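Please take a moment to look over the structure shown here before reading the notes that follow.

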Amino acid sequence: MGRLDGKVAIVTGAGSGIGKASALLFAREGARVVCADRNGSEKATAAEIGADAVAVQVDVAVGEQVANLVDTAVRTFGKLDVLFNNAGISGPSGLIHELDEEILDQLLAVNIKGVFFGIKYAVPRMLENGGGSIINTASNAGMVGWKGKAGYSAAKGGVVLLTKSAALDYAKSGIRVNAICPGMTWTGMAEAQAPAPPQDIKVPNPMARFGRPSELAAAALFLASDESSYMTGVAMPVDGGYVA
Ligand code: NAI
C-alpha cells in the first residue's frame, strides 16, 4: 500500500532536482501526478512516471497559468489533494547595493507570487474535495540570513510566513499548509552556482555534506501524506543541521 494511494498531486519545478525526485516518489507511493515546470523538462518526468502522470508547462509567476494548471489537474484526474509549490529560483549572489531591482522583482515573482498563486487557485478545488495538503519549498535561507543572498533570503522568509498565514486561514477547513526548508542540496540550482564539483566543496553544515534531492522528497512526502495529519503551519528544516 502506498502512502499517497488515491491522491492527486501537483508538483511544480518537477523537471529537475527536488521537484523531479518528489514527483517520482509521490507516484511510487500511489499518487497520480501533475508535473509542472516552465521549460519543457516536466515532460520527461511525466513520461518516466507513465500513465499516472500528465505534464503541464507553466510559469508559476503568472497567475492565469497557475489557474490553468490547477484546472488541468482537476479535469484530468477529477480532484486535487496535494499541491507541492516547489518551483523556485535563487538568482545571482551579491551585496544589496549591487542587486538590480529587476533581479529582486524576479526573485519575488517566482518564489513568493508563485507560491501565493498556487495556494490561491488550489484552495477552492481542495475545499470542494473536503481538504488537502499544500507544501511549499522555502529554504533555510528563509530562516536565517545568507550573506550575498538578501533578495533570495527575503523571498524565502516570505514563503515561510505565507505558509504560516495560509495554515491559519484554512486549518478549520481541512487544508494543511506546511513548508520544507532545504539547506544546500545538490541539484541543478546548486551546480549552477558551485565553484567546484560537490566532493571538493566544504559544505558549512554540521553534517558537512550536501543534501540529496531524495532526502527532500522524503520530507515533502511525509507532509503530503496523512501521516502528518496533525501538522500545519510548520517550516521544517531539512538541512544537515544548519539552523540547529
Ligand atoms: P532546480 O533548479 O534543480 O529545480 C528548480 C525547478 O524549478 C527547475 O526545473 C526550474 O525550471 C523550475 N522553475 C524555476 N522557475 C520556474 C517558474 N517560474 N515556473 C515554473 N517552474 C520554474 O533546483 P532545486 O534545488 O531542485 O530547487 C527546488 C526548490 O528548492 C526551489 O524553490 C529552491 O529555491 C529550493 N531550495 C534549493 C536549495 C538547494 O541547495 N538546491 C536550497 C534551498 C532551497
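Predicted model: local features only at pLDDT ≥ 70, side-chain atom pairs only at ≥ 80, totals over all residues.

What covers the buried residues of α2?

## Helix α2 and its cover

Helix α2 runs over residues 42-49, and its buried residues are E42, T45, A46 and I49. These residues lie on the same side of α2, because they cover an arc of only 95° around the axis. An α-helix has 3.6 residues a turn, so residues three or four places apart point the same way.

The cover over the buried residues of α2 includes α1, together with the strands β2 (32-37) and β3 (53-57). After α2 comes G50, a residue whose phi is positive, near 100°.

## The shell around the ligand

The ligand is surrounded by 31 residues, of which the closest are G13, G17, G88, G188 and M189. The elements that contribute two or more residues to this shell are α1 (17-28), α4 (101-128) and α6 (188-193).

## L216 in helix α7

L216 is part of helix α7, which spans residues 213-224. L216 counts as buried because it has 26 C-beta neighbours inside 10 Å, where 20 or more are needed.

Leaving aside residues up to four places away in sequence, L216 touches I18, A21, I180, P182, T185, G211 and V238. Between L216 and V203, by contrast, the separation is 13 residues in sequence and 17 Å in space, taken from C-alpha to C-alpha.

Conventions: Residues numbered from 1 in each chain as written. Near = placed C-beta within 6 Å. Helix = DSSP H or I, 4+ residues; strand = E, 2+ residues; numbered from the N terminus. Buried ≥ 20, exposed ≤ 12 C-beta atoms within 10 Å, placed from the backbone. Arc of directions from axis to C-beta. Contact = placed C-beta atoms within 7 Å.
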